[in-house]
Amino acid sequence: MHGTPTSTLPDVMQRCEHCGVRHQAVCGAMDDVQVRKLAQIAHRKKVPAGQTIISDEEPVDFFANVISGAIKLTKTLPDGRQQIVGLLFAPDFLGRAYSKNNPYTAEAATDVEICTFPHAAFERLVGEYPGLQQRLFQHTLDELDAARDWMLLLGRKTAEEKVASFLYMLARRSLLTGCVHKANPGAAAFELPLTRSDIADYLGLTIETVSRQLTRLKTSNVVKLSTNRLIMVPDLDRLAQAAGQDSHRH
């Protein structure tokens, strides 16, 4: 998957300097000299929607920063069924350092661009640079917090709160890497990265329930559906309230 980089180092460094997620991704913990060493092993990769990036329980070959797009993480049950267990967006980190096998299957939910780093070479850099190691540790803690939040959502929230929470999470992530509208910083717009079927799977609901709750949120003007995938949120506070969450979190 990672292959051999064909670009020259100056080309790669130029991409690093103009990378929209550099300062938010794990490499944001590194100075210019350290980023130059990371660039020597980095390789940009575009992955079309629907393609598997890594497979569950297979040996770890590489790690990656998500540059754009959305990746869904799934686990396979003994009977062959799959369950979506997480989503990754820019500037998330794909992979588990110091793990021999991938803990999940990662599939491009949309067209995705990632910046990959070979397994062994990346782990050597982690050993050299405490700042990078600390950033990876923080990433792991953030994953743990997200998992606990999702346990609460799946276990205690109503169907409307689940769908609203999902949309609120996407809205917050869109603001993290996008441009906040100066005229209305409390608004957001984004495209749904999952199909209705995948959303239902992720939230533990039926497709009909997801569609019904989306319609309810639209009717109450909490969200606007411009197309089947484009969602506009006029007021993030109202969406947070519908999700049963504190609006100050965004």
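# A tour of cores, pockets and cavities

P91 is found in the loop between β5 and β6, the latter spanning residues 93-94. The peptide bond that joins A90 and P91 is cis, with omega at about 5 degrees. Keep in mind as you look around that this is a predicted model.

**Nonpolar cores**

- The largest nonpolar core here is made of 37 residues, and F166 and L167 have the most contacts inside it.
- Which residues does F166 touch, once its neighbours within four places in sequence are set aside? The contacts of F166 are L87, W150, L192, L194, I199, Y202 and L203.
- Another core, of 27 residues, lies apart from the largest one, and C16, F117, V126 and L132 are among its members.

**The largest pocket**

- The largest pocket has a volume of about 1300 Å³.
- The lining of this pocket counts 40 residues, and D142, E143, D145, A146 and R173 are the closest to its centre.
- Helix α4 gives the most to the lining of the largest pocket, at 13 residues.
- Sorted by class, the lining of the largest pocket has 21 nonpolar, eight polar and 11 charged residues.

**The second largest pocket**

- The second largest pocket holds about 340 Å³ of space.
- Its lining is made of 16 residues, with G69, F89, S174, F190 and E191 nearest the centre.
- Strand β3, helix α5 and strand β9 (188-191) are the elements that give two or more residues to the lining of the second largest pocket.
- Helix α5 gives the most to the lining of this second largest pocket, with four residues.
- How do the residues of this lining divide by class? The lining of the second largest pocket has eight nonpolar, five polar and three charged residues.

**Cavities and cysteines**

- The structure holds two cavities of 30 Å³ or more, and the largest cavity has a volume of about 110 Å³.
- Of the 14 residues that line the largest cavity, C16, C19, C27, N65 and C115 lie nearest its centre.
- Helix α2 (32-39) and the strands β3 (62-68) and β8 (112-118) each supply at least two residues of this lining.
- The lining of the largest cavity divides into 11 nonpolar residues, one polar residue and two charged residues.
- How many disulfides does the structure hold? The number of disulfides is zero.
- Are C27 and C115 buried or exposed? C27 counts as buried because its relative accessible area is 10%, under the 20% cut-off. C115 is buried too, because its relative accessible area is 10%.

**A buried alanine**

- A108 has its place in strand β7, which covers residues 105-108.
- A108 is classed as buried because its relative accessible area is 1%.
- Although A108 and G69 are 39 residues apart in sequence, their C-alpha atoms are 7.8 Å apart in space.
- Beyond its neighbours within four places in sequence, A108 is in contact with V47, P48, A49, G50, Q51, I53 and A70.

**Two loop residues with positive phi**

- E57 lies in the loop between β2 (52-54) and β3, and its phi is near 70 degrees, a positive value in a residue other than glycine.
- E57 counts as partly exposed because its relative accessibility is 48%.
- Y98 lies in the loop between β6 and β7, and the phi of Y98 is near 65 degrees, again a positive value in a residue other than glycine.
- Why does Y98 count as exposed? Y98 has a relative accessible area of 51%, and exposed means over 50%.

Note on methods
Residues are numbered from 1 along each chain as its sequence is written. This is a predicted model: local features need pLDDT of at least 70, side-chain atom pairs count only at pLDDT 80 or more; totals for chains, interfaces and linings use all residues. Side-chain values use heavy atoms; hydrogens and water are left out. On a 1 Å grid over the protein atoms alone, a cavity is a set of points where a 1.4 Å probe fits but cannot get out, and a pocket is an open set with protein on both sides within 12 Å along at least five of seven lines; lining residues have an atom within 4 Å of a point. Grid points are joined across faces, edges and corners, and a volume is the space filled by probe spheres set on the points. Ala, Val, Leu, Ile, Met, Phe, Trp, Tyr, Cys and Pro count as nonpolar, Asp, Glu, Lys and Arg as charged, and the others, Gly among them, as polar. Buried means under 20% relative accessible area, exposed over 50%, partly exposed in between (1.4 Å probe, protein chains only). Contact means heavy atoms within 4.5 Å. A disulfide is a pair of cysteine sulfur atoms within 2.5 Å. A nonpolar core is a set of buried Ala, Val, Leu, Ile, Met, Phe, Trp, Tyr and Cys residues joined through side-chain atoms within 4.5 Å.
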